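Hi everyone, thanks for making the time this morning.

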Amino acid sequence: MKQLSLQSLFWPSLCGLLLGLCILAYQPANTTAPQDFSAAVEAAAPAVVNIYTTKVVQQRHPLANDPLFKHFFNRNGKVRQQLERSLGSGVIVDEQGYLLTNYHVINGADEILVMLQDGRQALATVIGSDADTDLAVLKIDLDKLTSIRVSEPGKARVGNMVLAIGNPYGFGQTVTQGIISATGRYGLGLSQFENFIQTDAAINPGNSGGALIDTQGRLLGINTAIYTQSGGSTGIGLAIPTDLALRTMNDLIRFGRPVRGWLGIEVRPVGNGTNGVVITGLADKGPAQLAGLQVGDILTEINGELVGDGHAGMRVITDTRPGETVKLVILRNDERIRISTEVAMRPGLQGS
């Protein structure tokens, strides 16, 4: 058997050690430890609250009017009162105590209790609500409140890292991580005005009304719904963008109702991926009719923006303040026509 000297063992080992140290020294910085989001959570979490609601429900026995039931069980069909409790989340957006949550979280509630991260709690007053966007504004009277910083959802990109903070299943404040899966989701039948941010961050019952934040701890949206067949998170969560939420909140505080533009038209997409919508109906003496639009006209542009299948264009109208003017481009008998008209207040607003 061949014998190895100490020298023959030493030098290769030393060279291998030096080579290994050189490789470690030149590793890219971004291959080290994963990103830490604790600073973002610490910044945002004090502004996210747990919401507990109580509703008094009137109940009667389903056989209360049955004569045999009354005879044998001596029941007179009196109405009984029962308390129903539910939970959700909210976000403090103003140090004066205004907070945002979902309309469906507080709808019909007789009492709304808000619990802060620091353990304090207070009964909330409903300032206003809007079923069309599934948003509500509450107010609590506590001092030294922390309001959340706001991001710009218009700059959010698919693949951006996000965090969801809320009160799932009543566990207390919980944080989950994910990415933005899509923006501008609509046509889901969840509310009248849909422009959702979609995320795969785990959102469960009780998260409704909570915060979707970026990695800087800034508010991107109000978590509002999950797509599920089992009742639990399936990786498809939806949030109302902050710009829509804050605009609705400011209207509810200032006017007691959301303020949205209205042209008075009914439309359907041209189809086949073609830009434009066909006007199928006109409100009597509405802005569009008074401006000369006709059934059968094809609306292609609003304020220089293509209307697409109609969703983007109608959002431009609803975002326009009543009294402001919009510039329309229509096709009528293959002729391109430009029309300007003043937007009116949308009638029949829901909410309070």
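This is a predicted model: local features need pLDDT of at least 70, side-chain atom pairs count only at pLDDT 80 or more; totals for chains, interfaces and linings use all residues.

The protein chain has 352 residues, and buried residues make up 41% of them. In secondary structure, we have seven helices and 21 strands. If you take contacts between residues at least 6 apart in sequence, 61% of them join residues at least 24 apart.

Let's go to the barrel. Which strands build it, and in what order? There are six of them, running 8-9-10-13-12-11, and the barrel is closed, with antiparallel pairing. From one strand to the next, the twist averages 45°.

Have a look at one of those pairings. Strand 9, residues 174–185, and strand 10, residues 196–199, run antiparallel and are joined by three bridges. For Ile 180, the bridge partner in strand 10 is Thr 199. Also in strand 10 is Gln 198. Is Gln 198 buried or exposed? Its relative accessibility is 12%, so Gln 198 counts as buried, the cut-off being under 20%. Leaving aside neighbours within four places in sequence, Gln 198 is in contact with Ile 179, Ile 180, Ser 181, Ala 182, Arg 185, Ile 236, Gly 237 and Leu 238.

Now for the nonpolar cores. The largest one has 44 residues, and the members that touch the most others are Ile 51, Val 93, Leu 99, Leu 100, Val 114, Ile 140 and Ile 148. Helix 5 gives the largest share of this core, five residues. Apart from it lies another core, of 16 residues, including Ala 288, Val 307, Ile 317 and Val 326.

Not counting residues up to four places away in sequence, Val 114 touches Val 49, Asn 50, Ile 51, Leu 99, Arg 120, Gln 121, Ala 122, Ala 124 and Ile 140.

Side chains of opposite charge can pair when their charged atoms come close. How many salt bridges are there in this model? The count comes to eleven.

One of them is between Asp 143 and Arg 120, at 3.2 Å from N to O. Asp 143 lies in the loop between strand 7 (135–139) and strand 8 (161–166), while Arg 120 lies in the loop between strand 4 (111–115) and strand 5 (121–123), so this pair ties together parts that are 23 residues apart in sequence. Asp 143 is exposed at 53% relative accessibility, and Arg 120 is partly exposed at 26%. These two also belong to a network of salt bridges that links Asp 118, Arg 120 and Asp 143.

And here is helix 5 again. Asp 319 forms a salt bridge with Arg 247, with the closest N and O atoms 2.8 Å apart. Where do the two partners sit? Asp 319 is in helix 7 (residues 311–319) and Arg 247 is in helix 5, so to speak a link between distant parts of the chain, 72 residues apart. Both count as partly exposed: Asp 319 at 36% relative accessibility, and Arg 247 at 28%.

Another salt bridge joins Asp 141 and Lys 139, whose closest N and O atoms are 3.2 Å apart. Asp 141 is exposed, at 64% relative accessible area.

Two last stops. A search of the whole structure finds one aromatic pair. The partners are Tyr 169 and Phe 171, with ring centres 6.1 Å apart and planes at 45°, so the pair is tilted. Tyr 169 is partly exposed at 44%, whereas Phe 171 is exposed at 68%.

Finally, Gly 310 is in the loop between strand 18 (305–306) and helix 7. Gly 310 is buried, with a relative accessible area of 5%. From Gly 310 to Gly 276 is 34 residues in sequence and 6.8 Å in space, C-alpha to C-alpha.

Methods. Residues are numbered from 1 along each chain as its sequence is written. Side-chain values use heavy atoms; hydrogens and water are left out. Two strands pair if DSSP finds at least two bridges between them. Helices (H or I, at least four residues) and strands (E, at least two) are DSSP runs, numbered from the N terminus. Axes are lines fitted to C-alpha atoms, for helices over the stretch in contact, and angles run from 0 to 180 degrees between N-to-C directions. A salt bridge is a side-chain nitrogen of Lys or Arg within 4 Å of a carboxyl oxygen of Asp or Glu. Buried means under 20% relative accessible area, exposed over 50%, partly exposed in between (1.4 Å probe, protein chains only). A nonpolar core is a set of buried Ala, Val, Leu, Ile, Met, Phe, Trp, Tyr and Cys residues joined through side-chain atoms within 4.5 Å. Contact means heavy atoms within 4.5 Å. Rings of Phe, Tyr and Trp (its six-membered ring) pair if their centres lie within 6.5 Å; planes under 30 degrees apart count as stacked, over 60 as edge-to-face and the rest as tilted.
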